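Dear colleague,

I am handing over the structure below, and my notes on it follow. Please read them alongside the coordinates.

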Amino acid sequence: MTGAQVRADDRMADVGRVRRLLIRPELGAVVGMVAVFAFFASQSPVFRSPAGIANWLDPAATLGIMAVAVALLMIGGEFDLSAGVLTGTSGLILVTLATRFGFNVWAAMLAGLVVALAVGFANGMVVTRTRLPSFIVTLGTFLMLQGINLGVTKAITGTVQVSGLRRADGFEGAAAVFAGTIEIGGTSFRVAILWWILVTAVATWVLMRSRAGNWIFAVGGNEQAARNVGVPAARTKIALFMTTAFAAWLVGSIMALRYTSVQANIGIGQEFIYIIAAVIGGCLLTGGYGSAVGAAIGAVIFGMADKGIVFLGWDADWFKFFLGAMLLLATLANRLVRRYAEEVRH
């Protein structure tokens with residue numbers, strides 16, 4: 001082989017690496033994250049300080065846990081509109097059982113996990129057995145859980161809030177694991193950030209390195225074709241709904257242990273924020289495309305904008321404008337990347 005041929009092959013390899021980079025679903029989110037950070041960091045010294053970073057990573061962490069799980073479900077071609085209210089249900093079960101019925105906090109958390117997984121399993125079963133759109137099925141679940149949260153809480157406490165978790169047995173240990181802080185360089189960071197990193201790492205491994213990941217992309221891209229080649233589509237989708245429910249339980253438990261009380265209406269409306277973060281991170285609404293890392297980055301953008309606007313002293317209403325603009329830009333970028341990816345394959 002001549003030197004000219006070697007150089008040509010090297011150039012082709014470089015082009016191949018560039019193309020693979022350009023079709024990564026999280027590329028747009030990375031560019032957006034860098035731009036948002038640069039803007040707020042240039043305007044506010046507090047934003048770029050260690051304390052400021054800890055401040056905006058906190059909301060990014062709890063949102064990111066849910067966004068990653070929702071991203072997996074969206075890649076699998078489905079939606080879960082009950083995810084937000086299920087975080088409230090999980091928190092309410094934990095606080096109610098621990099404060100009103102004498103449960104140890106760990107036992108109350110386990111009970112909340114069982115209920116959350118049962119809800120996820122029910123959502124998945126109804127969607128796969130009836131073939132109804134998951135949007136409709138989980139909207140029904142959302143409304144039922146909302147009614148249960150309000151009705152049961154009022155019946156037990158006479159109000160829409162349950163409190164007093166700090167006095168329950170096992171609180172200190174559970175709070176340290178799920179709602180504590182860690183010191184890094186003299187700055188306190190929430191433990192929830194570590195849970196977020198762990199969830200993102202596991203989800204990324206599942207998507208990129210396991211057979212289950214292939215199944216998720218397959219059922220989201222073309223469910224019938226996936227069934228024809230032996231992919232257990234129904235089991236995969238049920239598992240995805242249960243994964244979202246697990247994430248809702250984790251976030252609900254973290255928030256309950258952090259604040260030691262829960263409002264009956266907590267989590268309502270958050271389901272759309274989860275979807276927005278996943279879309280900003282590269283997920284397509286049509287399924288079959290996206291990444292867990294992208295969803296996590298979408299959550300970082302959310303956290304930076306949420307706190308950055310406060311640091312700059314702007315009206316908080318601008319955050320909604322920013323979120324809407326990011327959603328539209330991300331959707332357009334994802335469409336262009338997807339089109340380019342299809343051209344590259346052909």
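Lys237 is buried, with a relative accessible area of 4%, where buried means under 20% relative accessible area, exposed over 50% and partly exposed in between, computed with a 1.4 Å probe and protein chains only. This is a predicted model, in which local features need pLDDT of at least 70 and side-chain atom pairs count only at pLDDT 80 or more, while totals for chains, interfaces and linings use all residues. Residues are numbered from 1 along each chain as its sequence is written, and side-chain values use heavy atoms, with hydrogens and water left out.

Lys237 takes part in a salt bridge with Glu78 (2.5 Å, N to O), the term being used for a side-chain nitrogen of Lys or Arg within 4 Å of a carboxyl oxygen of Asp or Glu. Glu223 is partly exposed, with a relative accessible area of 23%. Together with Arg227, the residues Glu78, Glu223 and Lys237 are linked in a network of salt bridges.

The count of salt bridges comes to four. One of them joins the side chains of Arg258 and Asp58 at 3.0 Å, N to O, with Arg258 in helix 12 and Asp58 in helix 4 (residues 50–75), 200 residues apart; both of these residues are buried.

**Aromatic pairs**

The count of aromatic pairs comes to twelve, where rings of Phe, Tyr and Trp (its six-membered ring) pair if their centres lie within 6.5 Å, planes under 30 degrees apart counting as stacked, over 60 as edge-to-face and the rest as tilted. The ring centres of Phe47 and Phe311 are 6.3 Å apart and their planes stand at 75 degrees, so this pair is edge-to-face. Because Phe47 lies in helix 3 (residues 45–48) and Phe311 in helix 14 (residues 292–311), the pair ties together parts that are 264 residues apart in sequence. Phe47 is buried at 0% relative accessibility, whereas Phe311 is partly exposed at 26%.

Within helix 12 (residues 233–259), Phe246 and Trp249 lie three residues apart, about one turn of the helix. Their pair is tilted, at 5.5 Å centre to centre and 40 degrees between the planes; Phe246 is partly exposed at 36% relative accessibility, while Trp249 is buried at 9%.

**The chain as a whole, and confidence**

The protein chain has 15 helices and four strands, and buried residues make up 48% of its 346 residues.

The mean pLDDT (the predictor's confidence in each residue, from 0 to 100) is 89, and 90% of residues reach 70 or more. Confidence is lowest in helix 1 (residues 3–22), at a mean of 49, and highest in helix 6 (residues 105–130), at 98.

With regards

Technical notes:
Helices (H or I, at least four residues) and strands (E, at least two) are DSSP runs, numbered from the N terminus.
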